[in-house]
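Please read the following report on the overall build of a protein chain and on the surroundings of a single residue within it.

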Amino acid sequence: MISLKDIEQAAGRLQGQILHTPCVASRTLSDIVGAQVFLKFENLQFTASFKERGACNKLAQLSPEERARGVIAMSAGNHAQGVAYHAQRLGIPAVIVMPRFTPGVKVERTRGFGAEVVLHGDTLEAAREHAYALARERGLVFVHPYDDAAVIAGQGTVALEMLHDVPELDALVVAVGGGGLIAGMATAARALRPGIEIIGVQTQRFPAMVNAIKGTHLPQGSSTIAEGIAVGAPGALTEAIIRERVDDLLLVDEGDIEQAVLMLLEIEKTVVEGAGAAGLAALLRHGERFHGRRVGLVLCGGNIDPLLLAGLIQRGMVRAGRLTRLRVAARDVPGALARITATVAEAGANIDEVHHQRAFSALPAQNVEIELVLQTRGPAHVREVIDRLQAAGFEAAPY
């Protein structure tokens, strides 16, 4: 297993090559979850992910002959970008195999760093097998995304920085896919602060490490908004380290992650991907476990697909009552719609969409059902809009 010395040596190699990201307290999130929350902004790395650390540490140790042959990696995106960026910077040819479902923003950024991108398979496992085959065929050095001692040591530098900046932390809460980040962080933190609690977080749809460590047989899903930790099988090296040095593993669901992404966007004004929000999602779901403690969270990645982010924002507005649908019944006569929209305007709501429904309606003939999508200030404001429509003689109700 790797040691603190390995991670300290990695930190030396990374000096000046990656960003020492800030680790700062969030007063608002602390008030919401009832714990002192400190955020490590790894989404501010050049490729917007902690994965740069392990990739750079691995590449820095290659021999001249290995550098000349080139490297190959398999990744859903963040490891790919980390390897491609530092390979380009060090003059090393790079091939990246990515599953076909990988968000386009990650594929294009990886190509932008000069790597040859190969899209193959619908799962990480299928992409990995293809990458191994290409490595053998072309004589390339395989850079594993997590099950590699040099990669794990590089990721462990996150904990070195966190405990240097905030030495009084009581707990670290870390997203877990294959386990490289938490394995490295646990190694460093356990050596520097033996009493610190180290908690891993997985999505309920991909509980591979939970199953391996706890002996459970939870089913695996096919997709998650936290695709960065959608790993079907844990690494052998990472699993061994986690068994020895991590205190517990928690599960969160998709709704928890959605809420955490939006809270970080709205409160901290920072963009994270699903995996980057997993730590905060755990505090939201398992808040009593962390009450009153000083907790460090790693915002481990910020490469979220813009269309997915837009969808999450809209869904969040619906849950908060700031975007709502109303069904309004009216006589199908000229001027009826104008009266409805004027009433909505007087109530201070903004109309996003209007749909007339004549044929697919149970209303009597010569009546129309109008669907309104409105921007409002919240549930109380929605109730006010409905009351005003009813007072104006319309039948109005939420969908």
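Among contacts (heavy atoms within 4.5 Å) in the protein chain between residues at least 6 apart in sequence, 73% join residues at least 24 apart. The model is predicted, so that local features need pLDDT of at least 70 and side-chain atom pairs count only at pLDDT 80 or more, while totals for chains, interfaces and linings use all residues. Residues are numbered from 1 along each chain as its sequence is written, and side-chain values use heavy atoms, with hydrogens and water left out.

Some values for the whole protein chain are collected here.

| Property | Value |
|---|---|
| Span of the C-alpha trace along its principal axes | about 80 × 50 × 40 Å |

The protein chain holds 17 helices and 14 strands, which are DSSP runs (H or I of at least four residues for helices, E of at least two for strands), numbered from the N terminus. Of its 399 residues, 55% are buried, a term that stands for under 20% relative accessible area with a 1.4 Å probe, protein chains only.

Asparagine 43 lies in the loop between β2 (36-40) and α3 (51-60), and this residue is buried because its relative accessible area is 9%. The side chain of asparagine 43 makes a polar contact of 2.7 Å with that of threonine 270, where a polar contact is a pair of N or O atoms within 3.5 Å, one able to donate a hydrogen and the other to accept it, and residues adjacent in sequence count only if both atoms are side-chain atoms. Leaving aside residues up to four places away in sequence, asparagine 43 touches Ala48, Thr270, Val271, Val272, Leu299, Gly301 and Gly302.

Definitions and conventions: Buried < 20%, exposed > 50% of the residue type's maximum accessible area, 1.4 Å probe, protein only.
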